Amino acid sequence: PRGTTHTATATFRRADGSVVSGLPVSVSVTGANPFQIDAFTDAAGRASWAWAGANPGTDVIEFAAFFDG
C-alpha cells in the first residue's frame with residue numbers, strides 16, 4: 001500500500017559460495033515510484049534498500065553488480 005515501507009535485500013557470492021563484501025551495487029526501482037541509488041555490500045555480502053512509495057502501483061527493484069570472481 002501507498003506509504004508502506006518496503007525493504008529488498010540481495011546477497012552477492014562468488015562461484016565458490018563465499019560472500020563479496022564492499023562490492024559497489026546499483027539499486028534501481030522502476031514502476032510507480034522510480035529511483036536509483038548506489039550502495040555497497042556489507043560484511044555478509046548483503047546490499048539492502050528500504051523505500052516507501054508515495055504513488056499507488058507496482059514497483060520492480062533490481063540490484064546489479066559486476067565483479068571478477
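Me: Before anything else, what does contact mean here?
Reply: Contact means heavy atoms within 4.5 Å. This is a predicted model, in which local features need pLDDT of at least 70 and side-chain atom pairs count only at pLDDT 80 or more, while totals for chains, interfaces and linings use all residues. Residues are numbered from 1 along each chain as its sequence is written, and side-chain values use heavy atoms, with hydrogens and water left out.

Me: Which residues is Phe12 in contact with, leaving aside neighbours within four places in sequence?
Reply: Phe12 is in contact with Ser18, Val19, Val20, Leu23, Val25, Thr41, Gly45, Ala47, Phe63 and Ala65.

Me: And which residues make up the largest nonpolar core?
Reply: That core has twelve residues: Ala8, Ala10, Phe12, Val20, Leu23, Val25, Val27, Val29, Ala39, Ala47, Trp51 and Phe63. A nonpolar core is a set of buried Ala, Val, Leu, Ile, Met, Phe, Trp, Tyr and Cys residues joined through side-chain atoms within 4.5 Å. Buried means under 20% relative accessible area, exposed over 50%, and partly exposed in between, with a 1.4 Å probe and protein chains only.

Me: Which elements give two or more residues to this core?
Reply: These are β1 (5–11), β2 and β4 (46–52). β2 gives the most, with three residues. Strands are DSSP runs (E, at least two residues), numbered from the N terminus.

Me: Turning to the open sheet, what is the order of its strands?
Reply: The order is β3-β2-β5, with antiparallel pairing. β3 (35–40) and β5 (59–64) each have a single partner strand, so one side of each lacks a neighbour in the sheet. Two strands pair if DSSP finds at least two bridges between them.

Me: How many bridges are there between β2 and β5?
Reply: β2 (residues 24–31) and β5 pair over six bridges. Val29 has Ile61 in β5 as its bridge partner.

Me: What about β2 and β3, how many bridges join them?
Reply: Six bridges join these antiparallel strands, and Ser26 stands opposite Asp38 in β3. The two strands form a hairpin with three residues between them.

Me: Where is Asn33, then?
Reply: Asn33 is in the loop between β2 and β3.

Me: Is Asn33 buried or exposed?
Reply: Asn33 is buried, with a relative accessible area of 9%.

Me: Which residues does Asn33 touch, not counting those up to four places away in sequence?
Reply: Asn33 touches Gly53, Ala54, Asn55 and Asp59.

Note on methods. Helix = DSSP H or I, 4+ residues; strand = E, 2+ residues; numbered from the N terminus.
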